Amino acid sequence: MLQLNENYLNLQQNYLFSEVAHRTNDYIAAHPDKPVIRLGIGDVTKPLTKSTIEALHESVEHMASAETFKGYGPEQGYDFMRNAVVNYYKRHGACVDLKEVFISDGAKSDTGNITDLFGPDNIVLIPDPVYPVYMDTNTMNGRNIKFLDATKENGFTPMPYEGLEADIIYICSPNNPTGAAYTKDQLKVWVDYALSRNAIILFDAAYECFIEDDDIYPHSIYQIEGAKKCAIEFCSLSKTAGFTGTRCGYTIVPLDLIYKTSDGTEMSVNSMWTRRQTTKFNGVPYIVQYAAAATLSEQGIKECLENISYYKENARLIASCLSKKNITYFGGKNSPYIWFECPNGMESWEFFDYMLNEIQVIGTPGAGFGKNGSHFFRLTAFGNRENTLEAVNRLDSLL
Ligand SMILES: *Cc1c(COP(=O)(O)O)cnc(C)c1O
């Protein structure tokens with residue numbers, strides 16, 4: 001008789017965004033005359049940039065003639081794209097080798113699929129609150145999950161503590177949903193911790209391009225000494241370049257990631273990931289990689305940063321309203337997210353309803369990202385300026 005993966009029974013209902021949509025739609029149906037502003041979902045709104053679009057057109061033409069047509073490509077990505085990633089890292093002062101770069105269809109797939117490489121008995125350390133994919137993918141595999149409390153008191157950048165045991169450590173910085181980022185000094189402590197335990201850090205850098213205080217916050221964990229020996233990094237063009245629908249990311253699996261098996265044999269994580277990808281993945285479309293490589297060029301990134309500074313101005317507008325009202329918030333800088341404490345001790349869903357009913361501004365209740373989010377609320381800077389300004393005016397009158 002068929003046995004199902006009953007770990008799926010342990011997944012929490014994925015109800016955050018559907019519940020937000022449900023409450024919003026009910027409100028709109030009852031109050032069709034009240035315009036609602038959505039600053040909830042973490043999707044971008046600006047279109048692809050000029051360099052990206054030109055490269056897309058060009059690569060479509062390549063597919064139209066026999067001389068330049070491309071069929072199956074290398075599973076790890078074309079060398080032109082892997083080189084574009086190597087050069088992008090170089091510009092941030094991090095050194096990665098072409099053989100360490102794996103092109104993916106986005107960071108979500110790879111952060112989920114990476115669990116294939118690890119044995120069942122590891123202690124998996126996941127911050128609370130955080131991007132729900134880490135917890136759900138490990139729950140699907142029946143892993144032993146331990147939560148690391150991110151709180152107002154530790155600035156939502158929790159650190160290793162005396163007696164902490166962990167083998168697989170998820171870090172997302174700048175963080176979704178809290179907007180908080182680890183400093184270089186803080187990440188050095190995590191790297192040293194991982195090295196001391198032969199643990200691995202899974203570092204999600206999906207929002208690295210929002211970092212502006214480059215002296216304090218690293219764009220890549222490989223800017224930290226020792227990280228090549230203990231960390232995998234996931235990154236994506238989704239938030240950097242508006243690729244949420246186009247789909248392209250990259251994962252760095254260093255050649256120095258060598259761990260011992262129970263009988264003392266050495267295994268290379270890079271070789272394992274190569275084997276995993278060549279077996280289960282057939283690569284990202286040529287057209288998309290061609291456009292992604294153009295996007296990561298100096299000119300391409302310059303254009304992306306113009307869009308990002310537009311979003312960052314939105315973040316600044318929201319954050320300055322909260323500052324004025326003396327509301328504690330995180331992010332708003334080096335991040336597209338503003339994570340603030342619900343006023344008057346309100347619970348996050350209660351505050352969601354309050355905002356919806358009073359000012360028709362939609363955000364995301366922090367409870368959806370973990371128990372430590374239950375009195376916090378996330379707004380995003382991905383809206384357009386007009387809506388953001390209007391939302392800020394309404395917030396100003398409410399708070
Ligand atoms: C948006 C996001 C990603 C990127 O996902 P893609 O699959 O590349 O679109 C990864 N991690 C976090 C924390 C995110 O918020």
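Select tyrosine 207 and the ligand: a polar side-chain atom of tyrosine 207 lies 2.5 Å from an oxygen atom of the ligand. A polar contact here is a pair of N or O atoms within 3.5 Å; within protein, one must be able to donate a hydrogen and the other to accept it, and residues adjacent in sequence count only if both atoms are side-chain atoms. This is a predicted model, in which local features need pLDDT of at least 70 and side-chain atom pairs count only at pLDDT 80 or more, while totals for chains, interfaces and linings use all residues. Residues are numbered from 1 along each chain as its sequence is written, and side-chain values use heavy atoms, with hydrogens and water left out.

Helices are DSSP runs of H or I with at least four residues, strands are runs of E with at least two, and both are numbered from the N terminus.

Next, go to the loop between strand S5 (168–172) and helix H6 (184–197), which holds proline 174. The peptide bond from serine 173 to proline 174 is cis, with omega about -10°. Proline 177 lies in the loop between S5 and H6, and a cis peptide bond joins asparagine 176 to proline 177, with omega about 15°. Most residues other than glycine have a negative phi, and most peptide bonds are trans.

Two stops remain for phi. Select arginine 247, in the loop between helix H7 (237–241) and strand S8 (249–252); phi there is near 75°, a positive value in a residue other than glycine. Arginine 247 is partly exposed, with a relative accessible area of 30%. Buried means under 20%, exposed over 50%, and partly exposed in between (1.4 Å probe, protein chains only).

Finish at asparagine 326, in the loop between helix H10 (298–324) and strand S11 (329–331). Phi of asparagine 326 is near 60°, also a positive value in a residue other than glycine, and asparagine 326 is exposed, with a relative accessible area of 71%.
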